[in-house]
Amino acid sequence: MRKLLLLVVFVSVSFVTYAGGYRVSIQGQRALAMGHTGVAVVNSAELVFFNPAGLVYLEDKLNVSAGVSAVFTDVIYQNVENGISSQTDSSVGTPLNLYGSYKVNDWMSVGLGVYTPFGSEVAWPTDWSGSHLVNSIELAAIYVQPVVSLKLSDHFSIGGGPIYATGSVKFNRNASRTTTDIEGNRSNVSIEDSGVSSWGWSIGAMFNPTKDFHVGFNYRSEITIESEGGEAVFANFPNSPAAPANQTDGFKAELPLPAELTVGLSYEYKKWVFAFDYNRQFWDVYESLDIDFTNAANPDSNNPRNYENSSVYRLGLQYKTTDKITLRAGYYRDETPVQSGYFAPETPRNDSDGFTGGFSYAITPKLAIDASFLYVRFKEIDASYDFYQENGQSVPFKGTYKSSAFAPGLGLTYKM
């Protein structure tokens, strides 16, 4: 049973970095409205995230972009054998972003970005059929990214800088499918950790064959998250030598956040802007997670995941209707890195289609309101998680999953 509980820790740390199946890309309202394209689009300080090399081509001395979205997620699970279904409670995440850039001179700009790539809350019903894998999760994460952008010529620039990531997580699951204390309360483990942090870096380049045609490149490094001060609370366990004691324990774990490479292009034609991004996520570094409990009586654990590299294809369109109103629309296709047999309810992430739209309204020549929306539809899938062990035997957890997410957002852009 203790080996089974090690999986709890694995799940909690993975949410710190990956945000489970709700990996919805929301790092800028203007880019999001255009299918989350941005590596080759020069229009705001959102370039701090998408491609720092483009900041030096912004016309104004100071550029600031800020935004927040409300992310509504929903997951439905149905048992393939008895038809019983469960649905996550309605939850709202509020990812935010703040970017600023300053043009030092004609050939150099500096910038800073603060954003929340992962921030959500998921809760399954009490004692649902998959409670031995997950009951609930609460996640908050903040990234801080200073950058420098250098113009090497009117046609070529480079940029980049370090990335600091910090976050917190709360997680709960039942210890097994049947274990209870003497009063019938389900045995469970709660995991909590905060101040988990690490460093990474990014580098970008932009090539402009003409003033209307841009080609962008951005690479974001792998970041290894280390959890060393986490706390695990064991509750409602029976008084038995075969069961863990009701106690508090600590743990240590490391998990790699995969590197990402994005290349893309944009073309401006009169009032139109067309954009395409290709994003490659190097998930193959996520082979397993090793867990080390502080208490030597709890054995270390190796939890296989064996994710594979995946791709995202993004298309964006912008049309300036008047001096005050600019319309945007987009679409992206996001491939899942989860292989067959590794599909778990804490990360119900399958291939998905994202549909986006939005607009900007210029209140003054310096200040504009940016609005966006995103609807993500995950492909319905019959899948299983085959690595749950009980009494030395593998107990696959199978079912049909149907997931979706909707995210309206609002922001401001200021320039001078």
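Let me begin with a term: a residue is called buried under 20% relative accessible area, exposed over 50%, and partly exposed in between, with a 1.4 Å probe and protein chains only. By that rule Phe-207, at 40% relative accessibility, counts as partly exposed.

What we have here is a predicted model, in which local features need pLDDT of at least 70 and side-chain atom pairs count only at pLDDT 80 or more, while totals for chains, interfaces and linings use all residues. Residues are numbered from 1 along each chain as its sequence is written, and side-chain values use heavy atoms, with hydrogens and water left out.

As for the chain overall, it has three helices and 25 strands, taken as DSSP runs numbered from the N terminus (H or I, at least four residues, for helices; E, at least two, for strands). Of its 416 residues, 54% are buried. If we take contacts, meaning heavy atoms within 4.5 Å, between residues at least 6 apart in sequence, 69% of them join residues at least 24 apart.

Phe-207 itself sits in strand S10, residues 188-207, and it belongs to a nonpolar surface patch of about 730 Å², whose other members include Leu-152, Phe-156 and Tyr-313. Such patches are made of residues with over 30% relative accessible area and no salt bridge, where nonpolar side chains (Val, Leu, Ile, Met, Phe, Trp, Tyr) are joined within 5 Å and like charges within 9 Å; a salt bridge is a side-chain nitrogen of Lys or Arg within 4 Å of a carboxyl oxygen of Asp or Glu. Strands S9 (156-174) and S18 (310-320) each supply at least two residues of this patch.

Tyr-57 lies in the loop between helix H3 (47-50) and strand S1 (62-69), and, with a relative accessible area of 17%, Tyr-57 is buried.

Finally, two backbone details. Most residues other than glycine have a negative phi. Asp-127, however, has a positive phi near 60°; this residue is in the loop between strands S7 (119-123) and S8 (136-151), and is partly exposed with a relative accessible area of 42%. Asn-306, in the loop between S17 (301-304) and S18, likewise has a positive phi, near 50°, and counts as partly exposed at 30% relative accessibility.

Key
Areas by Shrake-Rupley, 256 points an atom, 1.4 Å probe, with all protein chains shown as cover.
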